Amino acid sequence: MRQRFFATGIEGFASHEVLEFLLFFAQPRCNTNEIAHALIEAFGSLPGVFEASYDELKSVSNVGEASATLISLFPQLFKRYSMEKETCRETFDSMTRLSGYCRSLFVGATEEQAYLLLFDNSMHILDCTLLAHGTVNQVPLMTRKIAERALEKHAACAVITHNHPNGLALPSAEDLAMTDTVEAALALFEIPLLEHVLVANSVAVPLIYRHKGIDRPTLTGTSVTQASLKAFYGEIQ
């Protein structure tokens, strides 16, 4: 399998063969083929295996601490890779670039999460903060925490993003109400909420743009103008 990997990559590997090859590095003296089949049977698919928790993985026969740890590492490793790859672009001066970064935050996420992204005047990212873990259908957002973090980092503008795991990229009434609350709170400190990005099934939706366009009274007196918004959203208009 190692020779196949170096010759052709994993393109031709079946799902269980991907796991069989991976698990060899945790259990080199075991029949990893049988363990791989057991994992696919237990979780239904290769993504299902990588999205399973450490304890769920260990519940499968012959999956020990080393194998469960190795499998649990990969989604987080890919998330880190994706985030740092997006950050290497340095500036997030378009909705396309912002969407790519937001999608990378939720790689492997199986529950709702919310992040606060803070930017300087040149749209270089200053900070990325996990605000909350939620249930599968709601995330408690702390408006005070958002405002305090934005002030602490001297942010020129802010973005919030959250995901709908296993759902549609359609905002709930609560999502829109929360957006208005955060936007109004930050406006008190003249920090514009540039966007609220909803991510679901690798689709990123700019909720504020979809519901308010670029005519936003809360941006008055800030560095974000209609002209800059027009440029920012230019690729999706």
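I started at Asn62, which lies in the loop between α5 (54-58) and α6. Helices here are DSSP runs of H or I with at least four residues, strands are runs of E with at least two, and both are numbered from the N terminus. I noted that this is a predicted model, where local features need pLDDT of at least 70, side-chain atom pairs count only at pLDDT 80 or more, and totals for chains, interfaces and linings use all residues. Residues are numbered from 1 along each chain as its sequence is written, and side-chain values use heavy atoms, with hydrogens and water left out.

Most residues other than glycine have a negative phi. Is Asn62 buried or exposed? At 56% relative accessibility, Asn62 counts as exposed. (Buried means under 20% relative accessible area, exposed over 50%, partly exposed in between, with a 1.4 Å probe and protein chains only.)

Met123 also has a positive phi, about 60°, and is not a glycine. Met123 sits in the loop between β1 and β2. I looked up its cover too: Met123 counts as buried, because its relative accessibility is 12%.

Ser122 is found in that loop, between β1 (113-119) and β2 (125-133). Ser122 is partly exposed, with a relative accessible area of 44%. I checked Ser122 against Ala185: they are 63 residues apart along the chain, and their C-alpha atoms are separated by 23 Å.

**Aromatic rings**

How many aromatic pairs does a search of the whole structure find? I got twelve. Rings of Phe, Tyr and Trp (its six-membered ring) pair if their centres lie within 6.5 Å; planes under 30 degrees apart count as stacked, over 60 as edge-to-face and the rest as tilted.

One of the pairs is Phe50 with Phe74: the centres are 6.2 Å apart and the planes are at 45°, so the pair is tilted. This pair links distant parts of the chain, with Phe50 in helix α4 (residues 46-51) and Phe74 in helix α6 (residues 65-87), 24 residues apart. Phe74 is partly exposed, at a relative accessible area of 33%.

Then I turned to Phe92 and Tyr101, whose ring centres are 5.4 Å apart with planes at 65°, so I wrote the pair down as edge-to-face. Phe92 is buried, with a relative accessible area of 1%, and Tyr101 is buried at 4%.

Tyr101 is listed among the buried residues of α7. Helix α7 (residues 95-105) is mostly covered, with eight of its eleven residues buried.

**Around helix α1**

Phe5 lies in helix α1 (residues 2-8). Phe5, Phe6, Phe13, Phe21, Phe24 and Phe25 form one aromatic cluster. I found Phe5 to be partly exposed, at 32% relative accessibility.

What sits over the ring of Phe13? The charged end of Arg4 does, 4.3 Å from the ring's centre. (To count, NZ of Lys or CZ of Arg must be within 6 Å of the ring centre and within 35 degrees of the ring normal.)

**Whole protein**

I finished with the overall figures. The secondary structure comes to eleven helices and five strands. The C-alpha atoms fill a box of roughly 65 × 35 × 30 Å, taken along the principal axes. Buried residues make up 45% of the 237 residues.
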